[in-house]
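This report covers surface patches and aromatic pairing in one protein model. The sequence and structure come first.

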Amino acid sequence: MYSPQSLHRWGITHSESMERLAYSQALRDPMTMERANLLNMAKLSIKGLIESALSFGRTLDSDYPPLQQFFVVMEHCLKHGLRVKKSFLGFNKSLWGPLELVEKLCPEAAEISASVRDLPGLKTPLGRARAWLRLALMQKRLADYLRLLITRKDLLSDFYENSALMLEEEGAVIVGLLVGLNVIDANLCVKGEDLDSQVGVIDFSMYLKNDIDDYRSEERNSQIASILDQKNYVEELNRQLNSTVHGLQGRVDSLEKSNSKLIEELAIAKNNIIKLQEENQQLRSENSLILLKAQQHLEVTQGDVSVERDTYKQSRQGLDEMYNEARRQLKEECQLRQDVENELVVQVSMKQEMELAMKLLEKDIHEKQDTLIGLRHQLDEVKAINVEMYQKMQSSDEEMKKKNDMISRLEEKTNQITATMKQLEQSDKDLLSQTRTLAMSFVKCASTDTEHQYKLVKDISF
């Protein structure tokens, strides 16, 4: 924003230079002369409006003559160099087209444009443009809106000729002068005023003054300058405070939105926690039921395993007893074989037939020993299988069935071993009978044997 002192000084010096430049170019270009005239009329209108408003001392209304002349002058300035557009009713120059661009450049101006479009009494684009100027002046944003508009010459070139006032430097000067109107408070009734049919004629008599009026106006200007400085300072401070308030209000709105979102998220989180607690309780109850069923199943399984274990122990005890009995018999047979071998060694020198018989006997004994060794290996395998069955006893029901099958196989093997043992006993008896027969034959053949030999044969026969 420009300060009143700088605008005042800048406006005077720059206007003088513009007047000189316009005067030098006026003889060659009529558009330049028109721009200079409009610039001078704008200066006089704005200056007279500010002075009369400050001397008037209250809010201006629509019937105030300097204010009416100001709008007429602004209308002529905005119409300068405006392109003519064809329509169904003929050619038309409309101010409403370029003013509608302001709401695209500044979103804050959209409220004014919407209000103008909603006014029921306006039927022409010119009436809408006049209403827009009045509303912008009441908002004290007329200079700001027109400044945004003249900076976009690429958009204004669609509505104005190349030498139009809004596209030249005079437009920027007029916009700078409009900043001084922010000290004026206006209350204009746009709704009931007939803006479509008004005739915009400039009244030059308001700006023709004598020397006495000039002297009085200079004194009044000195007083007005001090008042303007104070009022502009207050206006600038008010604008800064308004911008700060808007910023704080935006932050408050954002914080309220974030707070509402956090409250919603907290409610959702609480609902989720309640749902999770319910699911947790349900899972705990299901878990307790599953544990109860598992314990019952485990107790049943342990009972079955204990029964199977007792059965296995009983069967193993029977196998151990059978193995001990077979081992005892084997020891006895080994001892008997040793005795027979000793006796046969004594009788080797006596008869070759006895040696042949003893060789056959030894051969049979070796075969039996091999058979016993094989049986011992089978018993070791049975023990290893029993150990594996004991380790696998705690598996599933199918493994228990397999163990039962293996136990039945082991019982079959045990029965086979028992049958083999019986066969060995039978063969042993046959061998003893053959040995006794050989001994009797040997007694018959050798009548010169001693009594000791006879006792030996008798013991062997028994």
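## Negative patch

Helix H13 (residues 397-445) supplies three residues, the largest share of the negative patch; helices are DSSP runs of H or I with at least four residues, numbered from the N terminus. The patch of negative charge lies on the surface and gathers Asp304, Asp397, Glu398 and Glu399. Patch residues have over 30% relative accessible area and no salt bridge, with like charges joined within 9 Å and nonpolar side chains (Val, Leu, Ile, Met, Phe, Trp, Tyr) within 5 Å. A salt bridge is a side-chain nitrogen of Lys or Arg within 4 Å of a carboxyl oxygen of Asp or Glu.

Glu399 lies in helix H13 and counts as partly exposed because its relative accessibility is 32% (buried is under 20%, exposed over 50%, partly exposed in between; 1.4 Å probe, protein chains only).

## Basis of the model

The model is predicted: local features need pLDDT of at least 70, side-chain atom pairs count only at pLDDT 80 or more, and totals for chains, interfaces and linings use all residues. Residues are numbered from 1 along each chain as its sequence is written, and side-chain values use heavy atoms, without hydrogens and water.

## Aromatic pairs

The structure holds two aromatic pairs (ring centres within 6.5 Å; planes under 30 degrees apart are stacked, over 60 edge-to-face, the rest tilted). One of them, Trp132 with Tyr145, is tilted, at 5.9 Å centre to centre and 45° between the planes. Trp132 sits in helix H7 (residues 125-139) and Tyr145 in helix H8 (residues 142-151), 13 residues apart. Trp132 is buried at 0% relative accessibility, and Tyr145 is buried at 1%.

Notes:
Accessible areas come from the Shrake-Rupley method with a 1.4 Å probe; for residues, only the protein chains shown count as cover. Lys and Arg count as positive and Asp and Glu as negative; His and the chain ends are not counted. The place of a charge is taken as NZ of Lys, CZ of Arg, CG of Asp or CD of Glu. Helices (H or I, at least four residues) and strands (E, at least two) are DSSP runs, numbered from the N terminus. Rings of Phe, Tyr and Trp (its six-membered ring) pair if their centres lie within 6.5 Å; planes under 30 degrees apart count as stacked, over 60 as edge-to-face and the rest as tilted.
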